[in-house]
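Here are a few friendly notes to read alongside the model.

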Amino acid sequence: MLKLNECAVGIELGSTRIKAVLIDKDCHVLASGGYEWENKLVNGLWTYSYEEIVSGLQACYADLKADILRKYGVKADTYGSIGISAMMHGYIPLGKDDTPLVAFRTWRNNNAESDAEELTKLFGYPIPARWSIAHLCHAVQSGESHVKD
């Protein structure tokens, strides 16, 4: 009998798919779900809409739950733990109420190269143009209106 309270769910928002897995305490994959997506070039920046992030997560999770039901005859409603990860590069500035201030800028954007070079010199550590801090530095240096928030 599958004991969901002894299992963990892992969700990863990747660049081409949102993936979810259910694993047992020995890290064996028991079920999975997914949602295919692709970032889009909007106003010169690569992005995913916040609406698609939400709908993609919902579709991926529904796919995982359907796989659990199909394989084990169990309606998934609780787990022992859950973990979420996302692309290692990007920029999502949030306001005081946790509302996004600008469109999500994905790992594909490389408009912060000169800012990354400046940060690399400042920190004495290689900062790639796609890292969040380079995007933030670019937004500050460019005087983007959301920075004040």
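1. A salt bridge here is a side-chain nitrogen of Lys or Arg within 4 Å of a carboxyl oxygen of Asp or Glu. This is a predicted model, in which local features need pLDDT of at least 70, side-chain atom pairs count only at pLDDT 80 or more, and totals for chains, interfaces and linings use all residues. Residues are numbered from 1 along each chain as its sequence is written, and side-chain values use heavy atoms, leaving out hydrogens and water.

2. Eight salt bridges turn up in a search of the whole structure. One of them pairs Arg108 with Glu38, at 3.3 Å from N to O. Arg108 sits in the loop between strand 6 (81-86) and helix 2, and Glu38 in the loop between strand 3 (29-36) and strand 4 (40-42), so the pair ties together parts 70 residues apart in sequence. Helices (H or I, at least four residues) and strands (E, at least two) are DSSP runs, numbered from the N terminus.

3. Do look at Asp67 in helix 1 (residues 50-72), three residues from Arg70, about one turn of the helix. Asp67 forms salt bridges with Arg70 at 3.0 Å and with Lys71 at 3.2 Å. Shared partners join Asp67, Arg70 and Lys71 into one network.
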